Amino acid sequence: MPELPEVETLRTGLSEYIIGLKIKSVNIYNQKSFINQEAINDHFYGSEITAIKRRAKVLKIELSSGYTILAHLKMTGQLVYVGSKVFGAGHPSDSLMGKLPDRSTRVQIEFSNGSKLFFNDQRKFGWLRLLPTVEVDEIEFMKKVGPEPLDDKFTFKVFKARIQRRLGSNIKSVLLDQTVLAGIGNIYADEALWGSKIHPETRVKDISDARIKLLLKDIKYILNLSIEKGGSSNRNYVQADGKKGSFTEFARVFRREKFPCPRCGEVIIKLRVAGRGTHICPACQKLN
DNA sequence: CACTTGACCTGTCCGC
DNA sequence: TGCGGACAGGTCAAGT
């Protein structure tokens, strides 16, 4: 899915558009895409959106009813707001008027002012889940998920201790492990490893402190840069108003196999690590 | 434990 | 053009 920068971009966009709106109705086209539907009648209809937060790759849309909609987009989920009736002609979501819902729409939420929020998800892996706000941080995922990498408290010392919980594992799987740290996925794992010149199959115990320091620095750099660019839009991801992010243009190795490494000119290759397509510069990122 | 594979789904792309 | 297989930004469960 959407990794941390994409979900964060979505959080910002949605906050601008839907905070304060009142939920009028909901259409659920795919039952599995909306968990805990039994709470809809009493805690969904008529409530207002009060805040939108993010933890790891999960969005928390808080309602005045004391309930929260959690949203996980997984690989292909989108939350798209169509609000031309509110913003008038020329709003970015204009181009989507009349195009949604489409065959990938799993849930449609209509607000009392006539605007709509669409949850589209080609592969149906993502979900919305309605539960009491006080229970959000008690669910299994929230309890076990690792720290936020962009938090000021996420220092070298913390990062090192977190990754060294898995000393014998290759660094790429560890970066993808959400219980070690939150929010990194396949794109930013590859980008950060290239930035710090670490081969993705390097075992954690073989990485020096100096290198761990560089890796942390690059993780923060790359996540912040991507948020600034509105996230990556390789395939399915779009922002809250349907626009694409531009980070992909700044990717240095991800899906750039056969292109030259921007640092040394060597040809970028693609491998399979941790069961995922993995892109490296074989000259910059050597194993040992 | 660490690691792999399969499952969940749909769509696209590539080679024959 | 059609068909089969591989692959796609994520996470879980089960198997080795």
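**Entry 1: the DNA strand**

Which residues surround DNA strand B? I looked them up first, in what is a predicted model, where local features need pLDDT of at least 70, side-chain atom pairs count only at pLDDT 80 or more, and totals for chains, interfaces and linings use all residues. Residues are numbered from 1 along each chain as its sequence is written, chains are lettered from A and ligands numbered from 1 in the order in which they are written, and side-chain values use heavy atoms, with hydrogens and water left out.

I find Lys-32, Arg-103, Gln-122, Arg-123, Lys-124, Phe-125, Arg-166, Gly-168, Ser-169 and Asn-170 around DNA strand B. I count a residue as near the strand if one of its heavy atoms lies within 4 Å of it. Of the DNA strand B atoms that come within 4 Å of the protein, 65% belong to sugar and phosphate.

I then sorted the residues of this surface by class: five are charged, four polar and one nonpolar. For the classes, Ala, Val, Leu, Ile, Met, Phe, Trp, Tyr, Cys and Pro count as nonpolar, Asp, Glu, Lys and Arg as charged, and the others, Gly among them, as polar.

Next I checked polar contacts (pairs of N or O atoms within 3.5 Å; within protein, one must be able to donate a hydrogen and the other to accept it, and residues adjacent in sequence count only if both atoms are side-chain atoms). Lys-124 puts a polar side-chain atom 2.7 Å from a phosphate oxygen of DNA strand B. For Gln-122, the partner is a sugar or linking oxygen of DNA strand B, at 3.2 Å.

**Entry 2: domains**

I looked up the division of chain A: domain 1 covers 4-144 and domain 2 covers 156-280. These bounds come from an automatic or database domain assignment. I read 28 Å between the C-alpha centres of domain 1 and domain 2. Their contact (heavy atoms within 4.5 Å) takes 23 residues from domain 1 and 21 residues from domain 2.

**Entry 3: Gln-78**

I placed Gln-78 in strand 6 (residues 77-82). Helices (H or I, at least four residues) and strands (E, at least two) are DSSP runs, numbered from the N terminus. Is Gln-78 buried or exposed? Gln-78 is buried, at a relative accessible area of 16%. My cut-offs are under 20% for buried, over 50% for exposed, and partly exposed in between (1.4 Å probe, protein chains only).

Leaving out residues up to four places away in sequence, I find Gln-78 touching Leu-73, Phe-118, Phe-119, Asn-120, Asn-236 and Val-238. A polar atom of the Gln-78 side chain lies 2.5 Å from the backbone oxygen of Asn-236.

**Entry 4: salt bridges**

How many salt bridges does the structure hold? I get 13, each a side-chain nitrogen of Lys or Arg within 4 Å of a carboxyl oxygen of Asp or Glu.

I took Glu-148 and Arg-55 first. Their side chains form a salt bridge at 2.9 Å, N to O. Glu-148 sits in the loop between helix 4 (140-144) and helix 5 (156-163) and Arg-55 in strand 3 (residues 49-55), so the pair ties together parts that are 93 residues apart in sequence. Glu-148 is buried at 15% relative accessibility. I also see a network of salt bridges linking Glu-8, Arg-11, Arg-54, Arg-55 and Glu-148.

Lys-53 and Glu-62 pair at 3.1 Å, N to O. Lys-53 is partly exposed at 40% relative accessibility, whereas Glu-62 is buried at 15%. Lys-243 and Asp-241 pair at 3.5 Å, N to O. Here Lys-243 is partly exposed at 42% and Asp-241 is buried at 4%.

**Entry 5: backbone**

Most residues other than glycine have a negative phi, and most peptide bonds are trans. I looked for exceptions. The Leu-100 to Pro-101 peptide bond is cis, with omega near 0 degrees. Pro-101 is in the loop between helix 3 (84-87) and strand 7 (105-111).

Arg-255 has a positive phi, near 55 degrees. I place Arg-255 in the loop between helix 8 and strand 10, partly exposed at 39%. Ala-274 also has a phi near 55 degrees. Ala-274 lies in the loop between strand 10 and strand 11 (276-280) and is partly exposed at 42%.
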